[in-house]
Number of protein chains: 2
Amino acid sequence: MLSERQSMILNAIVDDYIRSAEPVGSRSISKRGDVAFSPATIRNEMADLEELGFLEQPHTSAGRIPSNKGYRYYVDHLAPLKPLKTEDLKLFKQLAAEKLNAVEEVIQHAGTVLASMTNYTSILLGPEMFNTSLRHFRLLPLSETTAVAIIVTSSGEVENKTVTIPEGVSVSEMERMANLLNARLEGVPMHKLKARIYSEIAQEIQRHADHYEGLMKLLDDAFAAGKDQKVFLSGTTNMLIQPEFRDIGKLKTVLDLLEETPTLTRLLSSEQKGIQVRIGSENIHQAFVNCSLITATYSLEGEAFGTIGILGPTRMEYAKVIGTLDLLSRAMSRALTGRHGA
Amino acid sequence: MLSERQSMILNAIVDDYIRSAEPVGSRSISKRGDVAFSPATIRNEMADLEELGFLEQPHTSAGRIPSNKGYRYYVDHLAPLKPLKTEDLKLFKQLAAEKLNAVEEVIQHAGTVLASMTNYTSILLGPEMFNTSLRHFRLLPLSETTAVAIIVTSSGEVENKTVTIPEGVSVSEMERMANLLNARLEGVPMHKLKARIYSEIAQEIQRHADHYEGLMKLLDDAFAAGKDQKVFLSGTTNMLIQPEFRDIGKLKTVLDLLEETPTLTRLLSSEQKGIQVRIGSENIHQAFVNCSLITATYSLEGEAFGTIGILGPTRMEYAKVIGTLDLLSRAMSRALTGRHGA
DNA sequence: TTTAGCACTCGTCAGAATAGAGTGCTAACG
DNA sequence: CGTTAGCACTCTATTCTGACGAGTGCTAAA
């Protein structure tokens, strides 16, 4: 598609622009050393690259900047996978060594590390409950009218929800129901729980308990929760140091979106495993037109999957970020698996 | 301290400045109508007020802006407690009507409402565990080596922490210990738990269990958590619309601080109940010199206390914010108390 | 005591001049 | 024929200027 020389020049331009955030001219490329042609030759090629849509010119007498298409080509064909610095590797080792027990702590911590290593904003999604199963269910009465439902999943996560005890339901009734659930539904995948409750438990309750309606409502409430993936943000203020967000208006649209967790979840989750790069307008959401979002997936016990992502300006250090995400997602999968002993 | 007329003028200046964010001159005050003097007279008084430290002048030929001391006087003596708009009252009623069960949901929701009503940033602290007591403790084994410790408090909050099972400790041993704790420590205030564990439970364990060291470590881990109050932020991006934070540098110092939850907790918590206003440099933290922080306390079941706060520029709508916080803190206390039935 | 009047200060805005970066084109070179 | 040197041209950013206006402080009169 592109000639050898055009590739080299495109690579040089993207590289320079990522560093400087300023339009790059033919002269400065010629001086870099890795493209040994005179400015005039490079100018000709640049005109061609612009015609092909890989470059843009802010105004007539400025240098060129990469277009989204240009970044895309860079990422797909050119970006050299940089080896991480040793100091960064140290951070990873620390992450692994810290032996964090709770899943959320691992994720949270990974997010912080990610943001501080890259100087961009990290967005992590907690594991999807899709592939986890029920380990334990419990109803603790708090008062005459409320109880707390506690759900422990096979991956070790604990969800709890306070529910209202329906009129007339007794503590012993609730206890019997909880025992029934544990006996019958342990090991059942979370996403099938509701169905199983209706198909198996419902009749049982109807047969042996006095308050069918109330008890079913209670279960409905208890298992309604926990569906939404948690979102962990870190380094949102790194957005402020990017020159492209000097304009408060643009900044606000992005930061506002970061506060909308449901939308974020939607934008980040994808069926695809592995690394994914969405550049500028490739992102569906309007607020991200000036941003690139790079995501990777991690797994928990090989069962549940979550997403880790980096949000930055389209002028992003793709090579470094992709490398880091790749390593970190593996490190997380390792840290989150086999924690429960053999 | 200040003459009638000086008060009126100060009031007018603060009022105007809060609205416009521009230095206010003698002429515009004279035209307002509520201070019926000529610009010249007002100028004289303004010079006096500046000498007394209530006003400042950005430069010689500009109008005056209130100093921190000026705001302080305004808040203490002048700020008229505005009645809330009916549309705002509606939001409150909605809050009360929603019948949220979980404590965190109530707090989270209150924060959102607060931010959207005031257009500032809301910072809410979860209830301090200080006055709550233990209701239930439970240890659920997850695997050979890990278990999840679940702590339910008298106020209905559920803390959970994944802990490592020490070498050699058996499931039945853990179960016995949990039962012991429930029997002995139910109703004991959270802040005394550690002490009571050491003074009472420790010997008991030593007498009847095989793995004293291990079990004690387990308890240590389990009760180490839950101490830190949760922080709920909302409307952080409202900071961006304030003209005083047009300067990205200033903005960043504030937003950075908002990400540091431990520091925030420290800054917000105070022994004092009721409304508290900290203006500009009255805040201990350097990042808040251009900000005012107004806080109020709410109570949960009359036992635990939390803080709700609004952070904005020193040029803040004090009257409105104070009124709103006052009402909302009461509304929250109401919503959070008596939820557990009679 | 209050106010009108006036000279003065200072920041802001618009326009002009300048410098500089970078381009596109043409012609020469190997 | 690809490459390069040279040059005119374009456009932006910066600096400077002067005019303007908002607001003050002071003085003197009401």
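Visitor: How many residue pairs are in polar contact across the interface of chain B and chain A?
Guide: Four, with both residues at pLDDT 80 or more. A polar contact is a pair of N or O atoms within 3.5 Å; within protein, one must be able to donate a hydrogen and the other to accept it, and residues adjacent in sequence count only if both atoms are side-chain atoms. This is a predicted model: local features need pLDDT of at least 70, side-chain atom pairs count only at pLDDT 80 or more, and totals for chains, interfaces and linings use all residues. Residues are numbered from 1 along each chain as its sequence is written, chains are lettered from A in the order written, and side-chain values use heavy atoms, without hydrogens and water.

Visitor: Which elements of chain B supply the side that touches chain A?
Guide: β4 (134–141), β5 (146–153), β6 (158–164) and α10 (248–259) each supply at least two residues. Helices (H or I, at least four residues) and strands (E, at least two) are DSSP runs, numbered from the N terminus.

Visitor: And how many salt bridges cross that interface?
Guide: Zero by the rule, which asks for a side-chain nitrogen of Lys or Arg within 4 Å of a carboxyl oxygen of Asp or Glu.

Visitor: How much area do the two chains bury?
Guide: About 3300 Å², 61% of it on carbon and sulfur atoms. Buried area here is the accessible area (1.4 Å probe) that two parts lose on being put together, summed over both. In residues, 41 of chain B are in contact with 40 of chain A, contact being heavy atoms within 4.5 Å.

Visitor: Back to α10(B). Which of its residues are buried?
Guide: Ile248(B), Leu251(B), Val254(B), Leu255(B), Leu257(B) and Leu258(B). Buried means under 20% relative accessible area, exposed over 50%, partly exposed in between (1.4 Å probe, protein chains only).

Visitor: What do they pack against?
Guide: α10 (248–259) of chain A, for one. From chain B come β3 (121–125), β7 (231–234), α11 (261–268), β9 (291–300) and β10 (304–313).

Visitor: What happens at the start of α10(B)?
Guide: A side-chain oxygen of Asp247(B) reaches to within 3.0 Å of the backbone nitrogen of Gly249(B).

Visitor: New topic. How many salt bridges over all chains?
Guide: The structure holds 34. In one of them, Glu244(A) meets Arg315(A) at 2.7 Å, N to O. That pair links distant parts of the chain, 71 residues apart: Glu244(A) is in the loop between β7 and α10, Arg315(A) in the loop between β10 and α12 (318–336).

Visitor: Is Arg315(A) buried or exposed?
Guide: Buried, with a relative accessible area of 6%.

Visitor: What about Glu282(B), which residue does its side chain meet?
Guide: Arg72(B), in a salt bridge of 2.6 Å, N to O. The two are 210 residues apart, with Glu282(B) in the loop between β8 (276–279) and β9 and Arg72(B) in helix α4 (residues 68–78). Glu282(B) is partly exposed at 34% relative accessibility, and Arg72(B) is partly exposed at 22%.

Visitor: Last one. Where is Thr118(A), and what does its side chain reach?
Guide: Thr118(A) sits in helix α6 (residues 103–118) of chain A. Its side chain reaches the backbone oxygen of Leu114(A) at 2.8 Å. A polar side-chain atom of Thr118(A) also lies 3.2 Å from the backbone nitrogen of Tyr120(A). Thr118(A) is buried, at 3% relative accessible area.
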